Amino acid sequence: MRLFSTPYRLYRLLAFAEMVTWTLLLAGMFVKYVLQAGEWLVRIGGGLHGFTFLAYVVVTVLVAVDQKWSLRDLALGIGSALIPYLTVPFERWAERRELLGATWRLRTEPGTSLPQKVVALALRRPIPAAVVALVVVAVVFSVLLSLGPPTEWFS
C-alpha cells in the first residue's frame, strides 16, 4: 500500500501507467495499419489503455479534490490523458507547482463540500473505496466496450 500512501505516489503511478498503455495502443495501431498484421494488439492495448484512462481520470479527480486544485488544473490533468505521453510531463509540472501533496489532506481534515466529503470518506476507508472505484470503472469500461471503438460512436 506504500504506492498509494501519498497523492504524489498514486498520481505518479497512474500517469506512468497511462503512458505505458498509450505505447501499447500505438504499437497495436502500427501493427494493424502499417504492417497489416492483425488487430490483436489493438484489442489488448486498447483495452488496457481504456481501463487505465478511466482509472487515471478517477485518481485525477480524487487528488484534485483532496489537494484543492483549481478547475483549470483539474481540466488540464484530465486533458493530459487525451494526448499520448502527456500525463507524465503533466505530473511533473503538477509536482513542481506543489499540486501533489506529501499527505492526503482529507484523511484528517473534514470536508466542507459534497465532493470533499466523498473523497474524505474514501480516504478514511481506502479498501472499500478502492473496490467501489474499481467496480465503477469496470462498469463504465464494459459499457464503452459494448459501444465499440470510439471512432464508431457517432457514425
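**Exercise 1. List the buried residues of helix H1 and state what they pack against.**

Solution. Helices are DSSP runs of H or I with at least four residues, strands are runs of E with at least two, and both are numbered from the N terminus. Buried means under 20% relative accessible area, exposed means over 50%, and partly exposed lies in between, with a 1.4 Å probe and protein chains only.

Step 1: read off the residues. In H1, Pro7, Leu10, Tyr11, Leu14, Ala15, Glu18, Thr21, Trp22, Leu25, Gly28 and Val31 are buried.

Step 2: find the partners, where contact means heavy atoms within 4.5 Å. These buried residues pack against helix H2 (40-66), helix H3 (71-79) and helix H4 (87-96).

A note on the source: this is a predicted model, in which local features need pLDDT of at least 70 and side-chain atom pairs count only at pLDDT 80 or more, while totals for chains, interfaces and linings use all residues. Residues are numbered from 1 along each chain as its sequence is written, and side-chain values use heavy atoms, with hydrogens and water left out.

**Exercise 2. Compare the span of H1 with the expected span.**

Solution. Step 1: H1 covers residues 7-34, which makes 28 residues. Step 2: the expected span is 1.5 Å times one less than the number of residues. Step 3: from first C-alpha to last, H1 reaches 40 Å, close to the 40 Å expected.

**Exercise 3. Describe the fold of the protein chain.**

Solution. Step 1: the chain has six helices and zero strands, in the order α-α-α-α-α-α along the sequence. Step 2: its C-alpha trace spans about 55 × 30 × 30 Å along the principal axes. Step 3: of the 155 residues, 34% count as buried. Step 4: among contacts between residues at least 6 apart in sequence, 65% join residues at least 24 apart.

**Exercise 4. Which residues of the largest nonpolar core touch the most other members?**

Solution. Step 1: a nonpolar core is a set of buried Ala, Val, Leu, Ile, Met, Phe, Trp, Tyr and Cys residues joined through side-chain atoms within 4.5 Å. Step 2: the largest core has 23 residues, and Tyr11, Tyr56, Val63 and Trp69 touch the most other members. Step 3: H1, H2, H4 and helix H5 (114-124) each supply at least two residues of this core. The largest share, seven residues, comes from H2. Step 4: leaving out residues up to four places away in sequence, Trp69 touches Tyr11, Thr60, Val63, Ala64, Leu74, Phe90, Leu99 and Leu100.

**Exercise 5. Is histidine 49 buried or exposed, and what does histidine 49 contact?**

Solution. Step 1: histidine 49 lies in helix H2. Step 2: histidine 49 counts as buried because its relative accessible area is 10%. Step 3: apart from neighbours within four places in sequence, histidine 49 is in contact with Glu18, Thr21, Trp22 and Leu25. Glu18, Thr21, Trp22 and Leu25 are among the buried residues of H1.

**Exercise 6. Describe phi and exposure for glutamine 36 and glutamate 98.**

Solution. Step 1: most residues other than glycine have a negative phi. Step 2: glutamine 36, in the loop between H1 and H2, has a positive phi near 50 degrees. Glutamine 36 is exposed because its relative accessible area is 66%. Step 3: glutamate 98, in the loop between H4 and H5, has a positive phi of about 60 degrees. At 69% relative accessibility, glutamate 98 counts as exposed.
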